[in-house]
Amino acid sequence: MSAQRQARAVRLGPRSVAALALVSAVGVVAFGWPFLTPPTSRLSAHAQDAPWLFAGLLVLLVAVVAAAISETGLGPKAVAMLGVLAATGAALRPIGAGTAGIEPMFFLMVLSGRVLGPGFGFVLGSVTMFASALLTGGVGPWLPFQMLAMGWFAMGAGLLPGPDRLRGRAELVLLAAYGFLAAFAYGTVMNLAGWPFMSALASNVAFDPHAAVAGNLARFLAYCLATSLGWDLGRAVVTVVLTLTLGPAILRALRRATRRAAFETPVTFDAPRT
């Protein structure tokens with residue numbers, strides 16, 4: 001017997017895919033520009049200004065992607081689901097704030113992206129991070145980078161293989177492994193967002209706009225080991241533990257809600273009685 005096709009809250013169209021590809025390409029440049037520009041470039045000469053410029057650009061691009069996805073398939077049922085999950089994720093984030101990477105919101109993003117698909121996952125990750133920043137007062141130039149990175153994080157879960165066939169223990173192991181690796185990836189790219197703000201005179205692990213790419217790469221790796229390895233490990237372990245323990249129940253609840261919502265069935269309204 002063939003497995004039932006899993007419904008998606010958002011079916012990505014060509015314009016949505018193009019918008020996602022564009023913002024992802026710009027995001028890669030925004031995060032990785034210290035390694036993409038030679039020391040003699042004009043961008044390196046404005047190392048302290050570049051993160052601000054990229055932050056402003058990412059705000060606009062994330063808004064464009066959200067608008068494109070909304071136009072092609074984010075209906076009222078999906079918006080309601082988005083609101084519930086984003087509010088839950090935003091409420092979970094402060095639980096472990098400042099405590100060795102105990103961030104339970106990450107496992108919810110993994111499970112939601114898995115069930116509801118990559119398009120919904122990207123919007124959910126971005127909106128959740130924005131809402132949690134308002135809740136915790138964490139608004140700053142780093143927020144657009146967090147929104148994009150969390151959007152990638154949740155979208156990646158929706159791109160994992162076997163959404164219609166893989167179930168049970170095998171699926172949990174896949175999601176736990178993804179959450180473990182993606183938690184480290186999230187911490188690493190967020191280090192890239194804040195690292196250029198450091199003054200090269202303040203530390204030998206700070207970004208030096210006059211150094212070669214190899215020298216800055218060594219500085220960045222040392223910076224990650226010295227500042228965030230323990231935090232990223234805590235985030236990864238918590239994500240794995242919660243995925244393996246709470247994952248079965250939450251996956252069932254999300255899939256049941258998705259079936260009942262019938263996202264792919266258009267909403268119709270009865271004509272008023274005369």
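Biologist: Where is L233 found, and what makes L233 count as buried, exposed or partly exposed?

Modeller: In this predicted model, L233 is found in helix α10. Its relative accessibility is 42%, and since buried means under 20% and exposed means over 50%, L233 falls in between and therefore counts as partly exposed.

Biologist: Which residues make the nonpolar surface patch?

Modeller: The patch is made by F180, L181, L233, V237 and V241, and its area is about 420 Å². The elements that give two or more residues to this patch are α8 and α10, and α10 gives the most, with three residues. L233 meets the accessibility condition because a patch residue must have over 30% relative accessible area, and the value for L233 is 42%.

Biologist: Why are R235 and D232 called a salt bridge?

Modeller: The closest N and O atoms of R235 and D232 are 2.8 Å apart, and the cut-off for a side-chain nitrogen of Arg and a carboxyl oxygen of Asp is within 4 Å, so the pair qualifies. Both residues lie in helix α10, three residues apart, which is about one turn of the helix.

Biologist: How do you know whether R235 and D232 are buried or exposed?

Modeller: R235 has a relative accessibility of 4%, and D232 also has a relative accessibility of 4%. Buried means under 20%, so each of the two counts as buried.

Biologist: What makes the contact of R255 with E171 a salt bridge, and which parts of the chain does the pair link?

Modeller: The side chains of R255 and E171 meet at 2.6 Å, N to O, and because the limit is within 4 Å, this counts as a salt bridge. The pair links distant parts of the chain, with R255 in helix α10 (residues 229-261) and E171 in helix α8 (residues 169-194), 84 residues apart. R255 has a relative accessible area of 10% and E171 one of 2%, so both are buried under the 20% limit.

Biologist: How do you know that the span of helix α5 agrees with its number of residues?

Modeller: Helix α5 (residues 105-116) has twelve residues, which at 1.5 Å a residue should span 16 Å, and its end C-alpha atoms are 16 Å apart, so the two values agree. The helix is mostly covered, with twelve of its twelve residues buried, among them F106, G113 and R114. Just after α5, G117 takes a positive phi of about 100°.

Biologist: What makes S228 count as buried or exposed, and which residues does S228 touch?

Modeller: S228 is found in the loop between α9 (213-227) and α10, and its relative accessibility is 8%, so under the 20% limit S228 counts as buried. Leaving aside residues up to four places away in sequence, S228 touches N191 and Y223.

Biologist: How many aromatic pairs does a search of the whole structure find, and why is the pair of F31 and F145 stacked, tilted or edge-to-face?

Modeller: The search finds seven aromatic pairs. The rings of F31 and F145 have their centres 5.2 Å apart and their planes at 70°, and because planes over 60 degrees apart count as edge-to-face, that is what the pair is called. F31 lies in helix α1 (residues 14-36) and F145 in helix α7 (residues 143-158), 114 residues apart, which links distant parts of the chain. F31, with a relative accessible area of 3%, is buried, and F145, with 2%, is buried too.

Definitions and conventions. Residues are numbered from 1 along each chain as its sequence is written. This is a predicted model: local features need pLDDT of at least 70, side-chain atom pairs count only at pLDDT 80 or more; totals for chains, interfaces and linings use all residues. Side-chain values use heavy atoms; hydrogens and water are left out. Buried means under 20% relative accessible area, exposed over 50%, partly exposed in between (1.4 Å probe, protein chains only). Helices (H or I, at least four residues) and strands (E, at least two) are DSSP runs, numbered from the N terminus. The expected span of a helix is 1.5 Å times one less than its number of residues. Patches are made of residues with over 30% relative accessible area and no salt bridge: like charges are joined within 9 Å, nonpolar side chains (Val, Leu, Ile, Met, Phe, Trp, Tyr) within 5 Å. Accessible areas come from the Shrake-Rupley method with a 1.4 Å probe; for residues, only the protein chains shown count as cover. Contact means heavy atoms within 4.5 Å. Rings of Phe, Tyr and Trp (its six-membered ring) pair if their centres lie within 6.5 Å; planes under 30 degrees apart count as stacked, over 60 as edge-to-face and the rest as tilted.
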